[in-house]
Amino acid sequence: MKTKLLFLALFITVGINAQTPFFIELTDAKPSSSASEWASKIKAPSAAWGSINERYSKTIIPDGLSKKWKTKAWRGQRVNGQAVFYTPKEIKNVTINSTPLKKGNSVIPSSSIELSFIRYVMTDELNKDKKGGCGYRHNKAEWDSSIVADILDASKSMPVEANSVRPVWINVWVPSNATPGTYKAELEISGEGMKTISLPYEITVTSRVLPEPKDWEFHLDLWQNPYSVARFYNVPLWSKEHFDYMRPIMERYAKAGGKVITVSILNRPWNGQTHDAFSSMVLKEKKIDGTWRYDYTVFDKWVEFMMSCGVTEQIDCYTVVPWALDFDYYDQATNSVKVVKANPGEPAYENYWIPFLKNFSEHLKEKGWLDRTAIAMDERSKEAMSAAEKVIFTACPDFKIAGAIHYYPDVEPNIYDLCLAYGETLPQEVLERRRKEGKITTCYTCCAEAYPNTYTFSAPAEATWIPLHSAAIDVDGYLRWAYNSWTEKPLQDSRFYNWAAGDCYLVYPNSSSIRFERLIEGIQYVEMIRILRKEFTDNNNSAKLKLLNDAVSKFVPMNLRIDNATQMVDEFKSVMDKL
């Protein structure tokens, strides 16, 4: 019984800080338009089309708006627009609706149109040297904080305060079988005591087709955190309620083309760098006779669940080289948890990991998962990686290895999924060899980059810029260390005590974000680039191929400043619309 109780203690650990998705936005300390300005300039509730490149202030009267939104799309593509509603008086029960998009008898149904109120979350800024977002932030008062528009809230209606702005996000997923042509519709905004506002928009659908996300070649790896979900919703870890809450969150990842399942095979692989630390999904028990027993119950449930959500390509297991070299297990002889402290290459390290990895490989073979499983390592040294490789392949030569690391020529040949830090590149001959060998090469950003990034204060276009950068340097995809490692109150405050605001998560509880939708935009562009390159090559259209390649080649660090990502992405879209 004591063993079972200890097992539960290891696997059912959630916080007591429960929240609900309903919340009050925090107050902005930044300057706003005065009540007299609102009274003199805005006589009635108003709305117009804005730009998806802008985060509109909640309290400043917006300008530079348009009466109509027009865009182009491939069949199968998702496109984004932003409208801005603003009012001098309080309006209760504001609702948003769209008519179907129509072109004669052809219709893009309302089910393909997703509308969201954009809500505001607290953010901060870069570190004081403006060179990145890493470092401790224990005293939030030291940081220049403000609220910013980012959360895409799918509520059916909401009140809008007097003298305030409430942006609206529209995402249209054009059906892959839509008839090409120009479709027209209207976004309708209504509320108690106000006249319904209709905003016209149109989408010109081309004949080209973007495949479904499951068929995208872009290798998207966003690390999932199931522990954050259990804590936020205050449900038992790995319970039915936990999986029910996780499903829409993880299906959103799959619909963005997510390829990799994040698994923790020991406690705190990153030494607790998130609000909700990762626990081991595998119980390791040393029996009285000195042999080992491993329980894969949680591991199996998690992987099977993620596959049911549509994430099926790769299972990355963290890690045999954690940030703190502590390896725990339950010791049956003493009825206690013990910790092995050892460096890679030491006998104690091998005695801990080789038996597990051998047993793990047999379990993976039984499940049919060995060929898609990688033992993953994050930002480890060349020496640690080399020693770990030997242990992994001694246990099972068929294991794959994944690593977000620097380029080490002696280590690289054994890395199946190699992810380089932003700004690093491989020699072209190495990149080509890896591709011929069927290996994956990607890049990642983290708190080290001031820009491009996906902080809640980053320019939205930076999220689109990043996948285009992967195309420019000819790698296969992108990794971001935190898909949903939520802060204590993620719907209100994206600030964290270690990293710049928003670094820990891209999506909210049951909600997407401006950042995440713009990231998907960039991933779609990479898929379109691949398709167009093949089309232009097959048709010997060298002029268009050169135009495309020249546009892609610009997305490298030397061309990016802190203030020009938007311009670069807009110029690229202009080129794509002409091809």
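Q: What counts as a helix and what counts as a strand here?
A: Both are DSSP runs, numbered from the N terminus: a helix is H or I over at least four residues, a strand is E over at least two. Keep in mind that this is a predicted model.

Q: Where does that put proline 452?
A: Proline 452 falls in the loop between strand S23 (440-445) and helix H9 (460-472). The bond that joins tyrosine 451 and proline 452 is a cis peptide bond, with omega about -5 degrees.

Q: Which other bond is cis, the one from tyrosine 318 to which residue?
A: The one to threonine 319, where omega is near -5 degrees. Threonine 319 sits in the loop between strand S17 (314-318) and strand S18 (326-331).

Q: What makes the phi of asparagine 163 worth a look?
A: Asparagine 163 isn't a glycine, yet its phi is positive, about 55 degrees. Most residues other than glycine have a negative phi. You'll find asparagine 163 in the loop between strand S9 (157-160) and strand S10 (164-173).

Q: What about aspartate 474: where is it found?
A: In the loop between H9 and strand S24 (477-480). Aspartate 474 also has a positive phi, near 65 degrees, and with a relative accessible area of 28% it is partly exposed.

Q: Why does the pair glutamate 37 and lysine 41 count as a salt bridge?
A: The closest N and O atoms of glutamate 37 and lysine 41 are 3.8 Å apart, and the cut-off is 4 Å, so the pair qualifies. The two are 4 residues apart in helix H2 (residues 35-41), which means about one helical turn separates them.

Q: Is lysine 41 buried or exposed?
A: Exposed: its relative accessibility is 55%, and the label needs over 50%. Glutamate 37, at 30%, is partly exposed.

Q: How do you know whether aspartate 331 is buried or exposed?
A: Its relative accessibility is 7%, and under 20% means buried. So aspartate 331 is buried. Its salt-bridge partner is lysine 338, at 3.8 Å from N to O; lysine 338 is partly exposed at 33%.

Q: What are the labels for glutamate 521 and arginine 518?
A: Glutamate 521 is buried at 10%, and arginine 518 is buried at 1%. These two form a salt bridge, with the closest N and O atoms 2.9 Å apart.

Technical notes
Residues numbered from 1 in each chain as written. Predicted model: local features only at pLDDT ≥ 70, side-chain atom pairs only at ≥ 80, totals over all residues. Heavy atoms only, no water. Buried < 20%, exposed > 50% of the residue type's maximum accessible area, 1.4 Å probe, protein only. Salt bridge = Lys/Arg side-chain N within 4 Å of Asp/Glu carboxyl O.
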